Amino acid sequence: MDEDDAGRTPGGTVIGRAGNAPRQAWAGLPWLVRSAVVWSACLVVIVAGLYLLGRIAMLLAPLAIALAATIFLAALLDPVLLLLRRLRLPASLAALLSILLLVGVLVGVGVLVWDLTASQFTELRQELSQGLSRTRDFVTSTLPISDQQLDRMIEQARQGFGQSSLDPVAGARTAAEVAGSALLALVLLFFLLKDGRTMWNWVLTRTTGPNRQVTAEAGRMGWRTLGAYSRGTMMIAAIDAIGIGLALVLLGVPLALPLALITFLGGFIPIIGATVAGAVAVLVALAANGPTTALLTLAAVIAVQQIEGNLLEPLIMKRQVRLHPAVILVAVTAGTLIAGIAGAFVSVPITAVVWRVIDTVQQHRRPTAPPPPPAAPAGQPG
């Protein structure tokens with residue numbers, strides 16, 4: 001067979017060098033261009049996948065929120081469940097007692113806070129309005145902005161957030177969805193606490209070969225990370241609420257308990273939640289006691305948050321759940337844009353768990369370095 005026949009099929013179609021033209025053109029590109037093309041394609045695929053998952057989550061919002069709350073609470077209650085199981089209680093009874101403990105704590109705290117602060121929330125709204133009025137006066141007297149310009153900016157901001165009139169039907173439907181999601185989350189929580197480990201072992205039995213060990217280790221580290229994050233976040237939020245609440249009491253700021261409650265709830269949204277809760281406390285202090293108390297309140301809020309961020313968070317969270325502040329901001333922003341407040345709550349733990357799972361898989365698949373060659377005997381070349 002000569003060179004001309006090598007480029008023909010039995011039917012006589014010419015192939016060969018022309019078919020290699022795209023490959024040769026790709027090989028002729030600089031490595032920087034090829035790397036940019038490959039990474040851009042990967043980024044497009046990842047963004048498209050995330051967008052598709054976000055759209056599916058929005059269509060199934062009640063179910064997605066119930067599943068997220070179930071997994072978060074299961075990780076939070078896992079130590080309680082293990083303690084009850086060590087007391088040789090049946091799995092069903094241990095799961096039921098764990099859920100009853102959670103419901104009792106939530107209902108007890110809610111009733112206590114409501115009894116102490118229900119009459120003060122109207123006063124809190126008035127204090128915030130006065131604080132905003134004083135802030136408005138400060139802005140118009142200090143900056144070259146007139147009242148009309150400020151009103152126009154506020155109106156544009158309201159339009160940007162898309163405020164609309166309340167719809168009773170939509171409100172009732174939302175309330176029904178919230179109640180249904182809460183009930184579904186409790187039922188799923190019971191089954192997850194009761195049979196969660198059995199379900200996970202069933203998944204592991206369906207994997208074979210080296211993937212089984214990697215899957216088991218990645219799942220274990222992801223679950224450990226979620227549990228550490230849920231318990232650590234609750235502890236840090238409670239410490240922030242206690243510290244800022246004591247500072248407000250010492251400074252004589254009214255409504256210290258409601259503000260401490262807002263600080264506790266805001267602690268579950270990293271960075272942004274603490275900032276908003278601190279701004280509310282400063283506004284109330286400004287309205288109630290003037291700018292001096294407001295500045296002292298601001299200093300107290302900053303001090304508590306710095307102690308929390310630089311000392312308590314590394315100590316409580318450990319390294320396995322620590323994320324860079326830039327990653328946290330991007331995750332919270334993306335979660336808020338996709339699913340509102342619920343997305344802001346779940347975005348950071350999802351990011352932490354996904355990162356930990358990926359890191360664990362990479363560590364298992366990283367090739368180990370070959371052992372060094374034995375040293376040559378004395379008197380012989382190496």
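**Basis.** I note that this is a predicted model, in which local features need pLDDT of at least 70 and side-chain atom pairs count only at pLDDT 80 or more, while totals for chains, interfaces and linings use all residues. Residues are numbered from 1 along each chain as its sequence is written, and side-chain values use heavy atoms, with hydrogens and water left out.

**Overall.** I find 12 helices and zero strands in the protein, taking helices (H or I, at least four residues) and strands (E, at least two) as DSSP runs numbered from the N terminus. Of the 382 residues, 26% count as buried. Among contacts between residues at least 6 apart in sequence, 70% join residues at least 24 apart, a contact being heavy atoms within 4.5 Å.

Thr-225 lies in helix α8, and its side chain reaches the backbone oxygen of Met-221 at 2.8 Å. I apply the polar-contact rule here: a pair of N or O atoms within 3.5 Å, of which, within protein, one must be able to donate a hydrogen and the other to accept it, with residues adjacent in sequence counting only if both atoms are side-chain atoms. Ser-230 is also placed in α8 and is buried, at a relative accessible area of 0%; a polar atom of its side chain lies 2.9 Å from the backbone oxygen of Gly-227. Leaving aside residues up to four places away in sequence, I see Ser-230 touching Phe-72, Ala-75 and Leu-76.

**α3 against α8.** Helix α3 (residues 61-86) packs on helix α8 (residues 210-250) at an angle of about 85°, with the axes 8 Å apart; the axes are lines fitted to C-alpha atoms, for helices over the stretch in contact, and angles run from 0 to 180 degrees between N-to-C directions. The two helices are therefore roughly perpendicular to each other, a term that covers 65 to 115 degrees. On the α3 side I list Phe-72, Ala-75 and Asp-78 among the residues in contact, and on the α8 side Trp-223, Tyr-229 and Arg-231 among them.

**Pro-349.** I then turned to Pro-349, which sits in helix α12 (residues 325-365) and is buried, with a relative accessible area of 6%. Residues up to four places away in sequence aside, Pro-349 touches Leu-226 and Tyr-229.

**Helix α10.** Helix α10 (residues 272-289) has 18 residues and reaches 26 Å from its first C-alpha to its last, close to the 26 Å expected at 1.5 Å a residue, the expected span being 1.5 Å times one less than the number of residues. Its buried residues include Gly-273, Ala-277, Val-282 and Leu-286. Just after α10, I note that Gly-290 takes a positive phi of about 100°.

**Arg-88.** Most residues other than glycine have a negative phi. Arg-88 is not a glycine, yet I find a positive phi of about 65° for it. Arg-88 lies in the loop between α3 and α4 (91-117) and is exposed, with a relative accessible area of 78%.

Terms used: Buried < 20%, exposed > 50% of the residue type's maximum accessible area, 1.4 Å probe, protein only. Parallel < 35°, antiparallel > 145°, perpendicular 65-115°, else oblique.
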